[in-house]
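The notes below walk through a few spots to look for.

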Amino acid sequence: MVHIGNDWDKILEADFKSDWYAELRRFLAEEYRTHTVYPDMYDIFNALKTTSLEATRAVILGQDPYHNPGEAHGMCFSVKPGVRVPPSLVNIFKEQSEDLGTYIPNNGYLMPWAKQGVLLLNTVLTVRRNEPFSHRGKGWENLTDSVIRALNAREEPVVFLLWGSPARAKKKLITEGRHFVLEAAHPSPLSANNGFFGCRHFSKTNAILKRLGREPIDWQIPNI
């Protein structure tokens, strides 16, 4: 049984006991046995472990994990200290710097965002090495739908940052008017010029939080 260690355990209990999740577990057991799969199986739920539902103020929704060695660790777009910053995250930092005047850090470890209540969630939580989208349609979407529905059910508003088509498809689960939705192209070099650059989502998120009487997010990732 999955143990996350915070309020997500109760919220997702029915999902983790479901037939579709049992089928997903069987699929993953075979995938991890016969292929190289990212992230490490002990890192799959790091986003939920780090940012509880109660603590969530904003959600960055990505696609599936990085599929190159050493990159994915269970939080969308983040890599651990010492790992080369991937191109999508380079573009995120470029947009953040243009938007807020922040410096571009020497690492891509986004844990400071997560600890401030930014849920760094992918729509699919695992992937085969060098095979993007290889675990799409296997069941993860059911779980991440449940996460979005639980956040949507909260009275306290959440800011949803939906980057890329798989993330934007979740918009139908969100009640706009109660919550806030910011949409943009994926920050990948293939699409960043199609609406990610110039989206100003970082300043817009903080403006919303301030309007709600809540603390803004310090988006500056410190150098290590």
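## A buried phenylalanine

In which strand is Phe-160 found? Phe-160 sits in strand E5, which runs over residues 159–163. Keep in mind as you look that this is a predicted model.

Is Phe-160 buried or exposed? With a relative accessible area of 0%, Phe-160 is buried, because anything under 20% counts that way. Setting aside neighbours within four places in sequence, Phe-160 is in contact with Val-59, Ile-148, Leu-151, Ile-174, His-179, Phe-180, Val-181 and Leu-182. Lys-171 is 11 residues away from Phe-160 along the chain, and their C-alpha atoms are 8.8 Å apart.

## Helix H7

Two of those contacts of Phe-160, Ile-148 and Leu-151, are also among the buried residues of H7. H7 covers residues 140–153, and 10 of its 14 residues are buried, so the rest of the structure largely encloses this helix. Besides Ile-148 and Leu-151, the buried set includes Trp-140, Leu-143, Asp-145 and Asn-152.

How far apart are the end C-alpha atoms of H7? They are 20 Å apart, and that agrees with the 20 Å that 14 residues should span at 1.5 Å a residue.

Now find H3, residues 19–34. Its 16 residues should span 22 Å at 1.5 Å a residue, and the end C-alpha atoms are 23 Å apart, which agrees.

Which residues of H3 are buried? They are Tyr-21, Leu-24, Leu-28, Glu-31 and Tyr-32. These residues cover an arc of only 90° around the axis, so they lie on the same side of H3. Asp-19, Arg-26 and Arg-33 are exposed, on the face turned away from that buried side. Among the elements that cover the buried residues of H3 are helix H2 (13–16), strand E1 (37–38), strand E4 (127–128) and H7.

The largest pocket holds about 560 Å³ of space. Its lining is made of 35 residues, with Asp-64, Pro-65, Tyr-66, Ser-88 and His-186 nearest the centre. Helix H4 (46–50), helix H5 (87–100) and strand E3 (118–121) are the elements that each give two or more residues to this lining. By class, the lining splits into 20 nonpolar, 12 polar and 3 charged residues.

The second largest pocket has about 350 Å³ of space. Of its 14 lining residues, Tyr-21, Arg-25, Met-41, Ile-44 and Phe-45 are closest to the centre. H3 turns up again here: it gives the most to the lining, with 5 residues. This lining has 11 nonpolar, 1 polar and 2 charged residues.

## Gln-63 in its loop

Look next at the loop between strand E2 (58–61) and H5, where Gln-63 is placed. Gln-63 counts as buried at 16% relative accessibility. Not counting residues up to four places away in sequence, its contacts include Asn-122, Phe-133, Trp-163, Pro-166 and His-186.

Most residues other than glycine have a negative phi, and most peptide bonds are trans.

Tyr-38 and Pro-39 are joined by a cis peptide bond, with omega about -5°, and Pro-39 is in the loop between E1 and H4. Phe-133, in the loop between E4 and H7, has a positive phi near 70° and is partly exposed at 35% relative accessibility. Arg-200 has a positive phi too, about 55°; this residue is in the loop between strand E6 (180–184) and helix H9 (201–211), partly exposed with a relative accessible area of 40%.

Technical notes: Residues numbered from 1 in each chain as written. Predicted model: local features only at pLDDT ≥ 70, side-chain atom pairs only at ≥ 80, totals over all residues. Heavy atoms only, no water. 1 Å grid on protein atoms, 1.4 Å probe; cavity = no way out; pocket = protein on both sides within 12 Å on 5 of 7 lines; lining within 4 Å. Points joined across faces, edges and corners; volume = space filled by probe spheres on them. Helix = DSSP H or I, 4+ residues; strand = E, 2+ residues; numbered from the N terminus. Nonpolar A, V, L, I, M, F, W, Y, C, P; charged D, E, K, R; others polar. Expected span 1.5 Å × (residues − 1). Buried < 20%, exposed > 50% of the residue type's maximum accessible area, 1.4 Å probe, protein only. Arc of directions from axis to C-beta. Contact = heavy atoms within 4.5 Å.
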